[in-house]
Amino acid sequence: MALQFRTAYIAPSSRVFGRGELVINPAQIAKRYLRWYFIIDFLSVLPLPQIVIWRFLHRSRGSDVLSTKQALFFMVLLQYIPRFARIVPLTSELKRTAGVIAETAWAGAAYYLLLYMLASHIVGAFWYLLSIERNITCWQEACEKSGHNTSFLYCGNNHMPGYNSWSNISSSVLTENCSPDGDNPPFDFGIFKQALTSGIVSSKKFVLKYCYCLWWGLQNLSTLGQGLQTSTYPGESLFSITLAISGLILFALLIGNMQTYLQSLTIRLEEMRVKKRDSEQWMHHRLLPQDLRERVRRYDQYKWLETRGVDEENLVQSLPKDLRRDIKRHLCLSLVKRVPLFENMDERLLDAICERLKPCLYTCHSYIVREGDPVDEMLFIIRGRLESVTTDGGRSGFYNRGLLKEGDFCGEELLTWALDPKSGSNLPSSTRTVKALKEVEAFALSADELKFVAGQFRRLHSRQVQHTFRFYSQQWRTWAACFIQAAWRRHCKRKMIEQRHKEEVEMELAGGDGDGGSRSLGTTFLVSKFAANALRGVHRNRNVKTGRELVNLPKPPEPDFTADAD
């Protein structure tokens with residue numbers, strides 16, 4: 001109550017737009033609290049039962065016991081009303097202020113379970129209290145039936161006339177008329193018979209009383225009082241009716257909300273199960289072959305393991321632009337810097353790239369792009385391994401294979417196309433076939449987004465970016481390998497011809513006579529030199545032809561990393 005005088009509130013008149021205006025004036029806060037909930041809170045915390053007990057202990061007389069008991073009974077019942085009435089607006093205010101009861105599903109379920117246990121405690125306490133009242137009612141009827149005064153039942157009345165005769169027969173009278181044992185007891189206790197036969201009314205152990213009454217309240221709230229055998233006593237019937245209605249309402253509200261919170265833990269699993277069932281029905285209806293079905297199942301399973309059913313792209317796109325940029329930077333910046341093509345760029349360009357990257361997943365043995373197909377996105381590999389193969393347009397005898405790993409990229413034809421200011425709307429064709437060897441996680445830049453990033457590249461004036469592109473490009477690697485291979489073959493053939501010519505000359509010199517050899521030495525040397533030159537020319541023409549055939553692979557187009565002319 002003291003905090004209520006210092007707790008600010010939002011003025012209802014200011015809730016036209018936004019969250020409204022916060023009122024922090026202490027006078028206005030106190031005025032609002034005194035006008036609404038002060039009386040209810042004051043009646044709830046007023047220690048009326050303690051005052052009555054204190055008064056009885058200091059002014060105890062025998063005749064005051066009955067009146068004190070009745071006063072305590074009604075005070076306890078009446079004070080439950082404002083306490084219960086305060087719980088409902090507090091819960092509503094909590095929902096309206098915070099938006100939800102609890103942020104996590106387990107906390108929400110525990111909150112509603114706690115409210116249900118509190119209701120069980122209240123029901124059990126009323127049941128215990130009413131059980132005592134029904135037992136006292138039976139004693140009073142038995143006392144009147146025996147012709148004695150009901151005041152003899154309470155302490156402090158032993159001075160009244162006739163008390164001695166009652167004390168001699170009280171035990172037998174009460175046992176005969178108020179015993180709850182047997183199939184047909186003399187007094188119908190109804191739903192309170194269980195409290196008397198179990199001994200919790202006469203017990204002095206508080207833990208025993210509390211646990212048993214809590215269990216009784218929880219049991220009958222959960223079963224809506226279906227197992228109760230009531231008597232004809234109107235108060236007992238009203239209590240049973242209230243118990244059944246309260247159990248139905250509480251079970252629908254509290255347990256229903258608790259079930260909703262618990263179901264939210266598995267809602268993604270249920271969505272995946274429904275999606276999987278729809279996918280299986282569709283594949284069965286379209287008569288897809290078994291290998292295609294396995295690929296679809298494998299992709300759905302891998303996507304679920306990576307994202308847990310959350311559509312990250314739509315989730316991020318629904319946020320404000322600055323927040324979306326910061327989230328993308330947090331998620332993608334460290335991964336983008338692992339790509340050698342981007343690691344030396346400035347922060348502004350990296351932010352632009354991170355904002356436009358889209359995550360994508362590929363399962364094992366799936367094709368990212370095939371040779372000859374249009375390239376519509378450039379892929380930057382974050383995790384996984386891919387195979388890149390080319391046959392140079394299907395040329396016989398030509399085959400080149402390379403592996404792509406973390407930090408590599410594919411689809412560089414799209415970057416060359418995007419950097420060309422004269423490129424049209426037709427997308428370039430892929431020169432390689434890229435296939436996933438295992439599960440792959442990557443970021444993709446679409447053709448339109450790459451146009452913007454490529455425009456930023458042309459402002460870099462960096463030869464280092466150009467060299468990095470050449471080094472990691474599969475096209476340039478293939479062309480360089482073929483070029484080096486052709487040069488090496490030409491070098492080997494030239495060495496072989498020179499060695500053969502040297503051996504022929506040595507054989508001719510070793511086979512001549514002494515005089516004839518000396519006389520014809522000059523002639524033989526000139527003839528061998530002429531023959532060697534002739535053979536060298538023939539082999540040179542042949543090597544050039546062979547080298548040209550080997551390096552028939554065209555040089556890849558060079559991306560224009562320089563600044564625009566304007």
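Tutor: A search of the whole structure finds one disulfide, that is, a pair of cysteine sulfur atoms within 2.5 Å. The disulfide joins C138 to C178, with 2.1 Å from S to S. The two cysteines lie 40 residues apart in distant parts of the chain, C138 in helix α5 (residues 105-145) and C178 in helix α6 (residues 163-178). Helices here are DSSP runs of H or I with at least four residues, numbered from the N terminus. About the S-S bond the angle is -110°, and the link of C138 and C178 is left-handed.

This is a predicted model, in which local features need pLDDT of at least 70 and side-chain atom pairs count only at pLDDT 80 or more, while totals for chains, interfaces and linings use all residues. Residues are numbered from 1 along each chain as its sequence is written, and side-chain values use heavy atoms, with hydrogens and water left out.

Both ends of the link are shielded by the cut-offs used: buried is under 20% relative accessible area, exposed over 50%, and partly exposed in between (1.4 Å probe, protein chains only). C138 is buried at 2%, and C178 is buried at 6%.

C213 is also buried, with a relative accessibility of 6%. The closest cysteine sulfur to that of C213 is in C211, 9.5 Å away, which is too far for a bond. C213 is among the buried residues of α8, which include W216 and L221. Those buried residues fall within an arc of 160° seen down the axis of α8, so they line one face of the helix; the arc is taken from the directions from the helix axis to the C-beta atoms. C492, by contrast, is partly exposed at 33%.
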